[in-house]
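This report describes the arrangement of helices and strands in a structure of protein chains. The sequence and the structure are shown first, and the description follows.

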Amino acid sequence: MEQEIPIWRIKYHPKNLDQICGRKEVKETLKNIIKQKNFPHLLFVGSKGIGKTLIAYLFSKEFLGKAYDANFKLVYANVPLSEEERKQARSDAYVSTSKIGSIAGRRITTPAFIQARVKPFVQLKVLGGAPFKILVVKNFEALGQNQQGFRRLMEIYGRNCRMILITTKVSSIINPIVSRCQIVLISPVKLDDFKDLITKIAAKESLEISDETIEVLYKISEGKISHALDLMQLSSISGKTIDMEKLYEYSQKFRNDLIRSLLIVAFKGDFPKARELSRKILSNYKYDINEFFKLMINELNKFPLSKFVRSKLINFIAESEFRALDGRDNDIQVSALLSKICLFSEYL
Amino acid sequence: MSNLKTEIPWVEKYRPKSIKDMALPSARMSGHRVKLADELSNFIKNFFEERNRVNIENKKIREFNRTAIDKEQKDELKIPPEKAAVLLEGPPGIGKTSIVYALANDFNMEVIETNASDTRTRARLEKRLKETIKTRGIMDFIVQSREKLILIDEIDGIYGVQDRGAIPTVIELIHDTQFPIIMCSNEYKTNLQPVYNKIRRYEVHPLPKNEVIKIAKNILKKENITNLKEEDLELIIDKNNGDLRGIINDIQGITQGNIEGDQKELILSLHRDNLEEIFSLIRDLFKVSSLREARNLTNKSDVDYNFLYKWINENLLTFIKSNRELAEAFENLSMADEIFGRIRMNQYWGLLPYFFDLFAGGVALSRQETPIAKGFRRVVFPRYTSGTYFSLTNIEKEFIEKLKRKYEISQIDFIQEFLPFLKILCGTSRKQLKNVSDWLELDAKEKKILK
């Protein structure tokens with residue numbers, strides 16, 4: 001007998017497009033595409049953690065059918081290249097001297113990311129009778145300037161391989177890429193669909209959960225089903241009924257709330273403690289410094305503050321992030337920001 | 001005349017004239033202990049023997065070539081590089097250069113030196129050395145002129161744009177030379193690897209302490225100096241860590257300064273590069289009351305400013321308490337950090353004075369309300385702050401590999417969203433931990449991540 005999956009978010013992970021919660025319009029367009037057996041490059045847009053990657057993954061699985069294994073690849077644009085990948089990219093970029101032309105014996109200056117992760121897949125032929133390969137690039141906006149490298153790639157290898165680019169914001173993607181893609185907007189789960197899903201799961205796990213609690217859960221998890229399931233599982237450990245208090249208690253342990261408590265400590269003017277906490281967050285979660293500041297602004301917007309205070313605080317954060325761009329030591333910049341907030345807290 | 005004599009640095013004045021007068025540092029070649037003096041004089045003797053042999057052979061070859069047809073032409077012989085050059089490696093001031101000069105003196109040779117103060121581009125090096133090396137001058141046939149010894153000092157100082165093409169030139173020199181070459185360097189440099197492969201390397205060690213004391217006392221005796229105390233001399237020697245040149249310079253500096261009384265402070269202030277010095281520097285920095293004092297402190301110290309400001313960042317909280325001062329201090333420090341970043345990125349070295357003033361003076365002077373720290377305050381190491389790259393430990397990577405067989409998740413999402421959840425879940429009870437680890441088939445090491 002196979003062991004039961006102990007983690008709910010994996011246990012209730014959708015296995016095909018139909019199982020995906022809500023978002024009927026998107027599912028319909030994608031199903032039409034599967035029927036027609038053809039599609040242009042796609043650009044999936046939607047906020048963080050709502051299942052864009054999952055949809056892209058299940059869609060390509062259904063589209064490719066049996067030939068899925070050989071013709072599908074998922075790459076993460078925001079995961080840095082490992083040392084081996086860098087070396088590989090460097091040696092791959094070298095053009096042999098035996099080739100003819102002005103480029104012989106030189107290195108091509110393709111960005112390492114494309115060289116290491118994209119090109120080897122895109123250049124190979126389609127296998128197993130599928131119409132073309134599918135490459136999914138997650139967090140495409142993280143590529144920054146390297147996006148330029150995709151322009152020609154999408155045209156040259158377009159016949160061989162279609163790409164699904166996934167991003168949280170269209171504005172940070174350069175226009176030539178956007179014009180080459182069909183944009184698919186993916187909205188967060190609607191409350192009604194969310195309710196349906198959660199009550200179903202609660203029934204399966206024989207839990208009691210009231211409608212109001214589900215609404216609270218929806219708010220806390222910001223519509224992210226995986227996060228909601230995590231919270232549900234945690235609160236179910238101590239009893240079969242799930243109430244709001246438990247949910248709140250557990251949600252405080254997650255990262256956004258750590259940053260929230262960091263801000264609260266800073267508002268109280270306790271600098272040493274705030275600094276200790278910020279170091280803990282940065283080292284445990286391995287945040288990029290920019291991401292850390294963005295999260296701070298996100299959390300700041302949830303506080304009930306006056307217009308003046310809010311704009312002032314955002315000014316502080318902006319300045320710190322600006323300095324961190326050129327600076328060498330992130331810890332100094334974070335400490336500087338916290339010390340400013342601590343000082344400012346006297347006027348709150 | 002006597003006035004002029006005192007102006008020579010003692011280091012030059014007491015540079016040994018012959019290898020016999022010299023306290024020889026011990027040396028190692030590829031791990032084996034060797035006698036440096038014997039090795040070097042053998043090297044020079046062998047070189048000239050080899051050169052004579054090669055030259056005679058070459059003469060024959062040239063005569064042969066003159067009569068032979070093109071196909072049968074022979075190449076001229078060259079002196080093998082391991083017989084043409086050696087490299088002395090060791091910390092500064094232990095007598096590497098002195099040994100070369102003493103040796104040249106003993107063999108009655110002329111030293112042609114190039115060091116880091118010369119710009120060593122390909123063109124310059126060729127001009128300076130190559131011509132002298134390839135042809136022995138016309139004068140040689142008329143006058144019985146001296147042989148030459150080529151000293152390439154501070155070869156590890158060859159780097160950067162200014163010295164472009166220097167290393168290939170050095171290698172060419174080694175192949176073509178008509179005179180022995182001795183190179184000196186302080187440390188291993190990767191860009192010198194092609195040189196290392198071709199020649200013998202000697203590791204030179206600092207002199208033992210009793211030898212150093214003997215030399216120092218000898219100098220003091222010759223200079224008629226009596227007011228330097230025994231313990232002060234030992235302090236100087238300890239401070240310098242076997243750097244004989246540094247010791248002689250320090251003795252000269254202190255005794256010529258005509259300072260009466262206790263010289264301990266002065267000796268201590270001459271060298272400030274070890275840990276204890278950083279500690280006291282930081283303690284002193286927060287006692288200053290003017291920008292000038294702060295400047296003096298940072299100017300006097302040899303502490304690498306690359307990480308001095310990190311020390312200040314770490315220890316600021318010990319010395320400054322109120323929020324107002326802290327904000328002020330961190331404002332200055334963060335500005336300094338930004339400036340430093342720009343200096344390094346765009347080479348705006350003109351900004352460096354601001355950097356110094358901001359991170360030392362600016363920070364120290366922001367202490368206004370908090371009283372000067374009395375008694376001993378603990379100074380701590382700067383904590384390692386992770387770099388800009390997102391990196392995982394090996395165990396974390398293995399964990400993700402196992403997880404990925406069952407559930408597709410990116411590394412970043414795993415660390416930032418999934419792992420915190422798993423930790424809380426497994427923290428609730430043993431049973432949960434067992435369930436999860438059984439399901440993922442984790443071993444003991446990987447289980448630790450969950451705790």
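The structure is a predicted model.

**Chain B and its sheet**

Chain B contains 22 helices and 7 strands. Of its 451 residues, 29% count as buried. Among the contacts in chain B whose partners have a separation of 6 or more, 76% join residues 24 or more positions apart.

Strands of a sheet pair through backbone hydrogen bonds, and the pairing is either parallel or antiparallel. In chain B, an open sheet of 7 strands runs in the order β2-β1-β7-β3-β6-β5-β4, and its pairing is mixed. The edges of this sheet are β2 (32-34) and β4 of chain B; each has a single partner strand, so one side of each is left without a neighbour in the sheet. From one strand to the next, the twist averages 30°.

Two helices of chain B pack on this sheet. Helix α3 (residues 36-67) of chain B touches β1 (27-29), β2, β3 (85-89) and β7 (200-204) of chain B, and its direction makes about 155° with that of β7(B). Helix α5 (residues 96-106) of chain B touches β3, β4, β5, β6 and β7 of chain B, and its direction makes about 150° with that of β4(B).

Is strand β5 of chain B largely enclosed or left open? Of the 6 residues of β5 (residues 147-152) of chain B, 5 are buried, so this strand is largely enclosed by the rest of the structure. The sheet order places β5 between β6 and β4 in chain B. With strand β4 (residues 109-114) of chain B, β5(B) pairs in the parallel sense over 6 bridges. In this pairing, B:Met109 stands opposite B:Glu147 of β5(B). With strand β6 (residues 181-185) of chain B, β5(B) also pairs in the parallel sense, over 3 bridges. Here B:Ile150 stands opposite B:Ile181 in β6(B), and B:Ile152 stands opposite B:Met183 in β6(B).

**The sheet of chain A**

Chain A has an open sheet of 5 strands in the order β2-β3-β4-β1-β5, with parallel pairing. The strands β2 (72-76) and β5 (182-185) of chain A lie at the edges, where each pairs on one side only. The twist of this sheet averages 20° from one strand to the next.

Strand β1 (residues 42-45) of chain A pairs with strand β4 (residues 161-167) of chain A in the parallel sense over 4 bridges. A:Phe44 has A:Ile166 in β4(A) as its bridge partner. Helix α3 (residues 52-64) of chain A packs on the sheet and touches β1, β2, β3 (133-138) and β4 of chain A. The direction of α3(A) makes about 175° with that of β3(A).

Two packed helices are described by the angle between their axes and the distance between the axes.

| Helix pair | Angle | Axis distance |
|---|---|---|
| α9 (191-204) and α10 of chain A | about 115° | 10 Å |
| α10 (211-221) and α11 of chain A | about 125° | 9 Å |

The angle of about 125° makes α10(A) oblique to α11(A). The crossing of α10(A) with α11(A) is right-handed. At this contact, A:Leu217, A:Ile220 and A:Ser221 in α10(A) meet A:His227, A:Ala228 and A:Leu231 in α11(A). By class, 4 of these residues are nonpolar, 2 are polar and none is charged.

The crossing of α9(A) and α10(A) is right-handed. A:Leu191, A:Phe194, A:Lys195 and A:Ile198 in α9(A) meet A:Asp211, A:Ile214, A:Leu217 and A:Tyr218 in α10(A). The residues of this contact are 6 nonpolar, no polar and 2 charged.

**The contact of the chains**

How many residues of chain A are in contact with chain B? In chain A there are 41 such residues, and they meet 38 residues of chain B. The elements of chain A that give two or more residues to this side are α11 (225-236), α14 (271-285), α16 (307-326) and α17 (330-344). The largest share, 10 residues, comes from α17(A). By class, the side of chain A that touches chain B has 18 nonpolar, 11 polar and 12 charged residues.

Terms used: Residues numbered from 1 in each chain as written. Chains lettered and ligands numbered in written order. Predicted model: local features only at pLDDT ≥ 70, side-chain atom pairs only at ≥ 80, totals over all residues. Buried ≥ 20, exposed ≤ 12 C-beta atoms within 10 Å, placed from the backbone. Pairing = 2+ DSSP bridges. Contact = placed C-beta atoms within 7 Å. Nonpolar A, V, L, I, M, F, W, Y, C, P; charged D, E, K, R; others polar. Axes fitted to C-alpha atoms, helices over the stretch in contact; angles between N-to-C directions. Parallel < 35°, antiparallel > 145°, perpendicular 65-115°, else oblique. Left-handed = near helix turned anticlockwise from the far one by under 90°.
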